[in-house]
Amino acid sequence: MTVAAPNRYLASLLAGQPQLPASPLAWFNDLRSHAVDRVGALSVPTTRDEEWRFTDISPLTGIPFHPVRGGSKPDIAQLAEFILTEAGARLVFVDGEYAPLLSFNNTGITVTSLASGLASHGTVIEPHLGRHAEFQSNAFAALNTAFLHDGAIVIAPRNVAVSAPLHVLHVATQKGAASYPRCLVIAEPGSVVTVVEEFVALQNDVYFTDAVTEIVLADGARVHHVRVQRESGQAFHVSNCAISLGRASHYQSVSVALGARISRCNLNVVQTAEGVECAIDGLALVAEQQLADTHTCIDHAQPHGVSRQLHKCIVDGAARAVFNGKILVRQGAQRTDSSQSSRNLLLTSKARVDTKPQLEIFADDVKCAHGATVGQLDSDEVFYLMSRGFPEAAARNLLTYAFGAEVISRIPVASLRHKLEQRVLAQTNSQSVSK
Amino acid sequence: MIIQDSKTLLEVHGLCATVNGIEILKGMELTVRYGEVHAIMGPNGSGKSTFSKVLAGHPSYQVTDGTVLFGGQNLLDLAPDARARAGVFLGFQYPIEIPGVANSQFLRLAYNTMQAQHGKDELDPLEFDDFVREKMKLLEMNPDFLDRSVNEGFSGGEKKRNEILQMALLAPRLAILDETDSGLDIDALRVVAGGVNQLANKDNAIILVTHYQRLLNYIKPDYVHVMESGRIIKTGGKDLAVELETRGYDWVSAENKAGAVVPA
């Protein structure tokens, strides 16, 4: 198989896909065929695109990823390390395909696959699926939408609070495969729900994940959203999250990016009504030749909105991290209160971070604070630990870990927090001493 | 306490040190034996804090001349962590805040590093919790401080208690307490000093670096040294501290200068 020219690359990925079965729902077929058209018109972005200036995705286009080929599903024992003991529901997708035998739902609310969700809640889903994650100009969202046939559906009914987290686990098992995970969360008025999306791999293979998540919060809804990307170290991961926030809703997200050779995460949050609060935190921990790119946009479209954002990057080896955090305060979005902090730790002289806070303010009665720091470990902190007997490497590891732990500590699921702390500790322990 | 025929623990001879190319220590001499409590006093800028940091191995200070023997071993050859494991403890004037590291974790890791050094068993979190709570009683510390990040948001007094708690856990042979009394109200001072007094014994020694005599009302020194311009210019007993409190430092300085022009 030859690799298509970059501008035809997306279409070539699509061409390899067997015919998807038509849905009985006309709107669904229309959505998908519209996305197919867009894939035909769009191309893989390059570093000439402002939004991709620091992230060269061209290694992706050197690999002819194929669609997922059936294959056997892992058994639950193979997923043991990914199990969240607190989960009230778990949906497992293996290379993008729903695995009902690995999934369960004890919550009483709708936590199911796209197919069964469409069958039972088609009219609830129709106004939201594919309506928030823009794919007119976003090539990867278009590609994902063109492949729509499986995915996770969560519907939290009006005034229902579910305390146990809902775990959406994406497991990659096939070398050379491209998968298109999809997730839609509809939080109806006054509902409360915690959704954990996790991307993991069973082997250290090359594969491509192109994910789209849409989360809609109706008036007064509260959603905790945790996203953990620990793909294989050779994988490519592109994700688009679109969050729509209704009146007086409350959205809190923590994203952790540990894996993938190249990862790009777009998170777009729109405050569509007054009195919205959101907190968006992120941690990228990369080493060797990895590149982790996070682009966020918080759109204060209405007055009295609050947003808080802390994004941290720990960059080791010759790795790179990119952060672009846009805060848009539209005309009329008075009394917006927004703060953003980008803090970055470079562990070697070859490590690199490009951070760009981007404030666009069109209202005059607002409070917007932002700051970015890039630095190395504080030498006084290192000395303090050494003066208590910690060898230098151990002192540096502990401080590096602590830098990341601030973000991890905000994850509202204890077992996941613990796992990630161990993972970060293990990763920092393997880092080389000061260079 | 001064013990007859006690062995020498620390021997500093002709020590010179610079920071950013500026010479701060200019021929420091000091001998400390097991069991002794030494107070080093002196005006601001005399080099007291520099001396304590040089002993602990702070990387910002370069030793340009002189020797420091600790238990017969060349201390200057050791990295800061090796000095700590050999039994040197520095109580910081301004303890460092480390957000994200739980105090309990920090204390346990430090304690276990020392246990391993002495070939003893390390304590797991549960065992350590019991152990450290006992030690905290000594300093009238609230156990809540175990769950907080190291020194983060601690008041001045809480930070100093946490320093002495570390001293209690690490059981150093030589504790250098740099301005431990600064920022303490009278109650905290009493508690911190009480903790230090309980930890002092015939198998260790303490160097108190302090600007004021106040601390010495609670911890009785065997020797009081006055520093000026990077070296010790006068040594006396605990009465010297009282005299300094009433008369200030100028007379010592004048006496020293007068002494310098009159050949011995």
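## Contact between H5 and H6 of chain B

Gly157(B), Lys160(B), Arg161(B), Ile164(B), Met167(B) and Ala168(B) of H5(B) meet Ala188(B), Val191(B), Val192(B), Gly195(B), Val196(B) and Leu199(B) of H6(B) (contact: C-beta atoms, placed from the backbone, within 7 Å). These residues comprise eight nonpolar, two polar and two charged (nonpolar: Ala, Val, Leu, Ile, Met, Phe, Trp, Tyr, Cys and Pro; charged: Asp, Glu, Lys and Arg; polar: the others, Gly among them).

The axes of H5(B) (residues 156-170) and H6(B) (residues 186-199) are 10 Å apart, at an angle of about 5° (axes are lines fitted to C-alpha atoms, for helices over the stretch in contact; angles run from 0 to 180 degrees between N-to-C directions). The two helices are therefore roughly parallel (angles under 35 degrees).

## Model and numbering

The model is predicted: local features need pLDDT of at least 70, side-chain atom pairs count only at pLDDT 80 or more, and totals for chains, interfaces and linings use all residues. Residues are numbered from 1 along each chain as its sequence is written, while chains are lettered from A and ligands numbered from 1 in the order in which they are written.

## The sheet

Six strands of chain B form an open sheet with mixed pairing, in the order S6-S9-S10-S3-S11-S12 (helices, H or I of at least four residues, and strands, E of at least two, are DSSP runs numbered from the N terminus; strands pair if DSSP finds at least two bridges between them). S6 (88-91) and S12 (231-236) of chain B each have a single partner strand, so one side of each lacks a neighbour in the sheet. The twist averages 20° from one strand to the next.

S3 (residues 37-41) and S11 (residues 223-228) of chain B pair in the parallel sense over four bridges; Ile40(B) has His225(B) as its bridge partner in S11(B). H5(B) packs on the sheet, touching S6 and S9 (174-178) of chain B, and its direction makes about 170° with that of S6(B).

Methods
Contact = placed C-beta atoms within 7 Å. Parallel < 35°, antiparallel > 145°, perpendicular 65-115°, else oblique.
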